[in-house]
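Subject: Structure for your review

Dear colleague,

Please find below the structure that I am handing over to you. I would be grateful if you kept it open while reading the notes that follow.

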Amino acid sequence: MDFPGTHILSVKQFELEDVEKIFKVADSMEPYAHRRLITKVLEGAILGNMFFEPSTRTRVSFGCAFNLLGGHVRETTDVKTSAISKGESLYDTARVISGYSDVIVMRHPKPGSVEEFARASRVPVLNGGDGANEHPSQALLDLYTLKKELGSRGQDIDGMKIAMVGDLKHGRTVHSLSQLLMLHKNIKITLIAPTELRMPEDIVNDLRKSGHDVTETDDMEAGLVDNDTLYLTRIQEERFTTKIEADIYRGRYRLNQAIYTRYCQPNTVIMHPLPRDSRAEANELDNDLNLHPSLAIFRQTDNGVLIRMALFALTLGVYENIEETATEVPWYTERRF
Ligand code: NCD
């Protein structure tokens with residue numbers, strides 16, 4: 001696909017070669033993200049970072065990615081203080097903000113809303129999560145992380161064995177990740193969820209049509225056996241009508257050191273899009289695994305910056321000009337990557 005000027009709304013837009021291109025550009029971002037070099041390739045450009053739903057890492061990492069390319073970030077983070085609370089339509093907001101920005105990232109609770117917004121926007125719009133629908137940048141960073149984690153043991157995405165665990169009905173990250181897995185071959189996928197929170201049927205069918213071996217179960221212990229990767233998710237409380245309803249499922253599936261040792265293959269990669277719900281009644285991923293070498297959750301968050309830099313560099317058409325402005329970082333940079 002031709003990236004410059006394109007909205008990134010759904011991972012369904014991508015062919016495998018597009019994903020590979022994004023990953024290649026993400027690799028080239030490492031010296032900048034890792035604070036060895038500075039680039040000013042987006043000097044003067046403005047990102048409209050519009051988050052109408054809670055977010056920490058997606059919002060901040062999109063912002064950092066833009067800053068690391070030399071651009072400025074304008075944040076809108078609250079429906080209450082935005083004109084949307086005065087009844088303004090997405091169309092009008094998009095027309096206005098796209099006059100102030102060179103690219104927009106938008107998160108919104110309503111599925112399809114980012115696409116609606118993008119139709120009225122005069123600049124590229126990147127979907128930062130639209131309700132329970134999609135989360136393209138997260139799926140890209142998840143797949144990128146998986147490729148690196150498995151690659152370091154001589155394995156590939158093709159032929160891997162992954163279990164996705166938790167609220168697969170409402171989790172937009174697992175919806176988008178599943179779509180990306182459809183571009184690959186021969187994957188064994190175990191979907192572990194309470195019956196009421198199963199992965200949407202159309203996604204399961206499409207995974208099977210892509211030739212993957214898909215098993216659905218509500219039995220976590222049985223599902224944990226024989227995987228290279230576990231992808232855990234939080235119960236998406238904000239998608240339920242009441243907190244009481246979410247409480248029915250909270251805490252049902254938990255991973256800790258003892259369960260990992262008992263049921264998982266040694267070195268199974270542990271992933272989670274974060275935030276993990278660390279309250280005692282939930283705790284789907286226990287702190288006692290924090291120092292486990294196969295815990296990839298903070299490598300996921302670090303990789304998120306590389307992927308988001310790549311998305312900006314590609315949609316704004318500057319990925320080939322980055323080195324031209326590169327200089328050494330003059331300040332103290334501890335080795336933290
Ligand atoms: C996820 C999201 O917002 O969908 N978080 C994120 O962006 N990393 C997952 C979640 O909130 O559970």
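A salt bridge, as the term is used here, is a side-chain nitrogen of Lys or Arg within 4 Å of a carboxyl oxygen of Asp or Glu. In this model, which is predicted, six residues are linked in a network of such bridges: Glu237, Lys243, Asp247, Arg250, Asp277 and Arg279. As background, side chains of opposite charge can pair when their charged atoms come close.

Overall form

The protein has twelve helices and eleven strands. Its radius of gyration is 20 Å, close to the 20 Å that the globule rule gives for 337 residues, so the protein is as compact as a globular protein of that length. The C-alpha trace spans about 55 × 45 × 40 Å along its principal axes. Of the 337 residues, 53% are buried. When contacts with a separation of 6 or more are considered, 76% of them join residues 24 or more positions apart.

Surface and charge

The protein has an accessible surface of about 15,200 Å², and carbon and sulfur atoms account for 48% of that surface.

Salt bridges

How many salt bridges does a search of the whole structure find? The search finds 18.

Is Glu53 buried or exposed? Glu53 has a relative accessibility of 11% and therefore counts as buried, since the cut-off for buried is under 20%.

A further salt bridge is formed by Arg59 and Glu75, whose closest N and O atoms are 3.5 Å apart. Here too the pair links distant parts of the chain, with Arg59 in helix α3 and Glu75 in strand β3 (residues 72-76), 16 residues apart. Arg59 counts as partly exposed at 21% relative accessibility, and Glu75 is partly exposed with a relative accessible area of 40%.

The side chains of Arg299 and Glu149 also meet in a salt bridge, at 2.6 Å from N to O. Arg299 belongs to helix α12 (residues 297-315) and Glu149 to helix α6 (residues 136-151), so this pair ties together parts that are 150 residues apart in sequence. Arg299 counts as partly exposed at 34% relative accessibility, whereas Glu149 is buried, with a relative accessible area of 10%.

A cysteine to locate

Finally, please find Cys264 in the loop between α11 (257-263) and β10 (269-271). At 9% relative accessibility, Cys264 counts as buried. Which residues is Cys264 in contact with, leaving aside its neighbours within four places in sequence? They are Leu224, Leu230 and Ile259. Cys264 and Glu15 are 249 residues apart in sequence, and their C-alpha atoms are 32 Å apart in space.

Yours sincerely,

A colleague

Technical notes:
Residues numbered from 1 in each chain as written. Predicted model: local features only at pLDDT ≥ 70, side-chain atom pairs only at ≥ 80, totals over all residues. Heavy atoms only, no water. Helix = DSSP H or I, 4+ residues; strand = E, 2+ residues; numbered from the N terminus. Rg over C-alpha atoms; globule rule 2.2 N^0.38 Å. Buried < 20%, exposed > 50% of the residue type's maximum accessible area, 1.4 Å probe, protein only. Contact = heavy atoms within 4.5 Å. Areas by Shrake-Rupley, 256 points an atom, 1.4 Å probe, with all protein chains shown as cover.
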